[in-house]
Amino acid sequence: MTRLATSAPVKFGALAVAVVLALLVPVFAVDPATTNIAVFTAMYVGLATAWNIMGGYTGYISLGHAAFFGFGAYAFGLVLAHLGVAGGYEPFLFVPVAGVLTAFLAVAIGWIALRTRAATFVIVTIAMMFMVQLLAENLVGLTGGGAGLSFPVPPWSGDFYNTPFYYAMLLMALVALAISWWIRRSKFGLGLLAIRDDEDKALAVGVPAHAYKLTAFIISAALVGMIGALYGYYVTYIYPQFAIDPLVGLSIVLMVFLGGLGTLWGPVLGALILEPAQLWLAYNFGASGLYLVFYAAVFLVVIILMPRGIVPSVLSLISRMSNRQAVGPSDAAGPAPDTRAIAEPSP
Amino acid sequence: MTLILEAVIFGVLTGGVYALMASGLTLIFGVMRIINVGHGALVILGAYLSYALLSSGAHIDPFVSLLITMPAMFILGVVLQVAFIRPLKDDREALSVLVTYAVALGIEGLLGFIFTNNFVQLNAWYETASFAIFGFHIAYVYVFGFGLCVAILGAMFLLLYRTPFGAAIRATMLNRTAAQLVGVNVDRVSAVAFGIGVATAAAGGVVFGLTNSFDPGSHYDLISRLLTIIVLGGLGSLRGAIIGAVVMLIVEDVAAVVISPVWASFAFFVILVVVLVVRPQGLYGIRVRERI
């Protein structure tokens, strides 16, 4: 069973089916309300996957990724405005520009924030997010301040409007997944995992920790910035509190924790479950504060009951079941670890 | 020049409130190695509790209402710790951030549901009445608030440095395992320390609510400031939190006068960046070598 589930052809087959299904979503779901959910779900799949490269692989929990999301949106809107790009398909070509600009911001923030570790890093990322929000608000000449920034409006009909955005978001999610998959298999990724497990030991065995951390941070931020750019174009109008929303950064983190921190598919699963649920809650209870209360309750239940996330929990269950089959039912948590401890005294 | 001097005086007076709130936050970090992102929301909750008592039929004065809200918030803190912080086993630091963030959202949502999202403020005679000293007009509320914060901080220091229980708290802050080995009930110490931190948040909330208008969403701004202060002072250092708070508030108030009010909060974060570049561990922090 396990071998079947992990063999390469089955994996690629499942992946192909999943991609085809994702591509067909706008064919089956035609009304804008449903495709809107699809757009946001694809968006969060990409965001969670991108965040996981830093938070999951490297172990540096950033609660400030909303800064990159909003910065990407602002950078994109300003580039489009200055170049006078009209609404339609053309703006999509400029999304990588937003990614590059966000990467520059990530260099500056990362250089400072990555001087700290663990708890301090979390706090510094929160502070940086509010700093970027404050800049968006105060640099009125550039960003429009509290009045906000408008994007060119695509000339598409209401029924079709969401479809191009869905495919753009899906493409970004697949790009993020491909990068995440590649990093997981590369020497670079191995270095990141070593940093997560013990940064000082990683340094001692020759992992260039500072360069690796910063690189992971930049990749993660640039992807988030590009997705933010698409978001800004999609909603056509942004202002500081809306584009740089602490809740966005938090939702991403929750999705990754629900699915499985540091796994390839955990963030995808987390986003697929939570984003539709979140939209449903916001739609039904958004007017009152109850929306936040429900959200907080889901959050607490997930963290307390399943701190490791769905993917690791299920994987360990499968491996425990297959172990039992291989060795026999008597292989419970017997004295085996104890004998090994006696045989190999710790140094 | 007079304006700058006035800004410095206000910076010290308002810095006292932030010192109190940041002390609770840094105490919680010191004892449990967790960041209580919900601290800002708990401050706002404290302010709303006093607001409810003030606008109720009993019309209780905000400072007097602390006799009710502080014990209530202490119990709430103990409950929160036992229910949500204690169950966390692995990766406490990251998970505790998420859990306390969720607590903050829950409080924000509940307050929005009960009190709506309109701005309110605690009103009392001393909020508008002022006295003149050396030509400066200072509202009584700032002095009363400063006095309250100094008194509570003093009580906290007495508890920490003059009582056996304080010794147990400090031992837990220094080395949790060693404290456990010498017989300190670290679970109890943690719960009580969390309760103390939350109770001081209630006191901070009253002074904050008397000097600012607030709504359920005010906690975002507040927590980003408090976290900046405790990073500046060094995580887990009470001295650092107090000095950090006063320095930050003086800088902010002076920047508001010298540069512009809209950039005042930005000065706050600029200091954080400068400190991190020069001294990543903060003013009184110790450099973290291993994952804590």
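In chain A, 79% of the contacts with a separation of 6 or more are between residues 24 or more positions apart; two residues count as in contact if their C-beta atoms, placed from the backbone, lie within 7 Å. The model is a predicted one, so local features need pLDDT of at least 70 and side-chain atom pairs count only at pLDDT 80 or more, while totals for chains, interfaces and linings use all residues. Residues are numbered from 1 along each chain as its sequence is written, and chains are lettered from A, with ligands numbered from 1, in the order in which they are written.

Chain A has 17 helices and two strands; helices (H or I, at least four residues) and strands (E, at least two) are DSSP runs, numbered from the N terminus. Its radius of gyration, 22 Å, is close to the 20 Å that the globule rule gives for 347 residues, so chain A is as compact as a globular protein of that length. Here the radius is taken over C-alpha atoms, and the rule is 2.2 Å times the number of residues to the power 0.38. The C-alpha trace of chain A spans about 70 × 45 × 40 Å along its principal axes. Of the 347 residues in chain A, 46% are buried, a label for residues with 20 or more other C-beta atoms within 10 Å of their own; 12 or fewer makes a residue exposed, and anything in between partly exposed, with C-beta atoms placed from the backbone.

One spot to look at in chain A is A:Thr236, in the loop between α11 (209-235) and β2 (237-238). Its phi is near 65 degrees, a positive value in a residue other than glycine. Most residues other than glycine have a negative phi. A:Thr236 is partly exposed, with 14 other C-beta atoms within 10 Å.

Chain B comes to 12 helices and two strands. With a radius of gyration of 19 Å, close to the 19 Å of the globule rule for 292 residues, chain B is as compact as a globular protein of that length. Its C-alpha trace spans about 60 × 50 × 35 Å along the principal axes, and 52% of its 292 residues count as buried.

Within chain B, the axes of α1 (residues 2-32) and α6 (residues 140-162) come within 8 Å and cross at roughly 35 degrees. These axes are lines fitted to C-alpha atoms over the stretch in contact, and angles run from 0 to 180 degrees between N-to-C directions. Among the residues that meet are B:Leu13, B:Val17 and B:Leu20 in α1(B) and B:Phe146, B:Val150 and B:Leu153 in α6(B). This helix contact divides into 12 nonpolar, three polar and no charged residues, where Ala, Val, Leu, Ile, Met, Phe, Trp, Tyr, Cys and Pro count as nonpolar, Asp, Glu, Lys and Arg as charged, and the others, Gly among them, as polar.

As for the contact between the chains, 37 residues come from chain A and 45 residues from chain B. On the chain A side, α6 (118-138), α13 (246-259) and α15 (290-305) each supply at least two residues, and α6(A) gives the most, with 12 residues. That side divides into 29 nonpolar, five polar and three charged residues.
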